[in-house]
Amino acid sequence: MQPNSSELGVHQAGHGLSLTLLTRTPAGTTGGSAVPETSGAVRVPILSSGSWESCRGGASSRRSRASSRTSSHSHSHSHGGGHQHSHSEPSEVDPTDADLESGEPSTSFLELRYLFRWVQKSLPFIIILCAKLVIQHALGLAVGVGLFTTFLYVNKNIQTQVFLQDRRSKIECVWLLLFLASSTLLLYYTFLTETLYYCLIFLNPAVEPLGFWEVLWVVGITNFTLKFLIMEFKCLILLLPSNLVTYRAQGLWYMLTEEVGQVYQAVAPTPLWFRYLVTYQKVDGNTGLTLGVLLALVYFILKLLGLYGQWGSFQKTVRIFLSGEHTGAAATRSQCSEAGDICPICQAEYRDPRALLCQHIFCDECIALWFNREKMCPLCCTAITDKVHKWRDGATSPYLQIY
């Protein structure tokens, strides 16, 4: 009778090690019957897969923040042969935490990302509010857009006609004049009951109730109307023949008209803001009236300071207009002959030639128009003046005077 034999084996399964003990029982006879040989397998785990995963996780770059959750299930069956099933589920790591572990995004970047997420979530509500505001103030917004586009169109065309000089189109100037006049009349006729034209003569319109948005709307319309009146006057100057008013004199008139218009635009909204600041409800009592008067006084002081700043520019413009200062000195006949008797700008014979500091000679009209935009000689780029004579090119300031 042979003795029982056993075998010892080491196997690696999954991420762990197991010790397998094999036993055999030889076939024998029991009571004259044959007993078949049987074998059994017993597995003894040495290192579990969870411990092995912990060791690998400790070597990774995310060991400081990431948490590893591994589940291992082993099922052993010893019926003729052993088999083992292992199942591990890796833990889910938040992308934000992973970015924080890597140390790539800064605090400001994270704040911007959170702000972007908030805006993204609030975007539908913001769109709803904007749509409500547009519907509620549709007429006022349409009027504002129409006035602004009209101003841009006419202002650009007036500058073009001034630059063309002799080649300007009088038909275009008449069209611009009629277009501005009809737009102004149509606007005031549409809001005839509000008497918006009262603001042009420093009176209060019949707008009730006079809230903050109503004041802004009326002041904006008044400001654009004054700009239209200024541009209409410039169109009339454009229609004058050049033998009656020279182009240089026209530039001075454009400059004076614009300066006077800006002063008028600064004064026009004053009565309307006074009324808004002083107006109070009965429930406010004397406290509301006192506060309104104080605010009106502060506004009046700020307005006087602003007008004082404009007064210096206005005085300078009037002095230039009355003196009729010229650029450079009068050129002699010999200088003109040496220069070829041809103006480099208009490519024609000199008309009232002027010699600059760099000794280049131009027509007085041509060089005056040039210095409406530039400070240097058009030939050698030598600095001739330290300032650009504003508004001589027929431009109108786009600045909106709302206070």
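Colleague: With which residue does Glu208 form a salt bridge?

Modeller: Side chains of opposite charge can pair when their charged atoms come close. A salt bridge is counted when a side-chain nitrogen of Lys or Arg lies within 4 Å of a carboxyl oxygen of Asp or Glu. Here Glu208 pairs with Arg275, the closest N and O atoms being 2.6 Å apart. Glu208 lies in the loop between α5 (170–190) and α6 (212–239) and Arg275 in helix α8 (residues 270–278), so the pair ties together parts that are 67 residues apart in sequence. Helices are DSSP runs of H or I with at least four residues, numbered from the N terminus.

This is a predicted model, in which local features need pLDDT of at least 70 and side-chain atom pairs count only at pLDDT 80 or more, while totals for chains, interfaces and linings use all residues. Residues are numbered from 1 along each chain as its sequence is written, and side-chain values use heavy atoms, leaving out hydrogens and water.

Colleague: How many salt bridges does a search of the whole structure find?

Modeller: The search finds two. In the other pair, Lys234 meets Glu258 at 3.0 Å, N to O. Lys234 belongs to helix α6 and Glu258 to helix α7 (residues 247–267), so this pair joins parts 24 residues apart in sequence.

Colleague: Is Lys234 buried or exposed?

Modeller: Buried means under 20% relative accessible area, exposed over 50%, and partly exposed in between, with a 1.4 Å probe and protein chains only. Lys234 is buried at 0%, and Glu258 is buried at 1%. Glu208, at 63% relative accessibility, counts as exposed.

Notes:
Helices (H or I, at least four residues) and strands (E, at least two) are DSSP runs, numbered from the N terminus.
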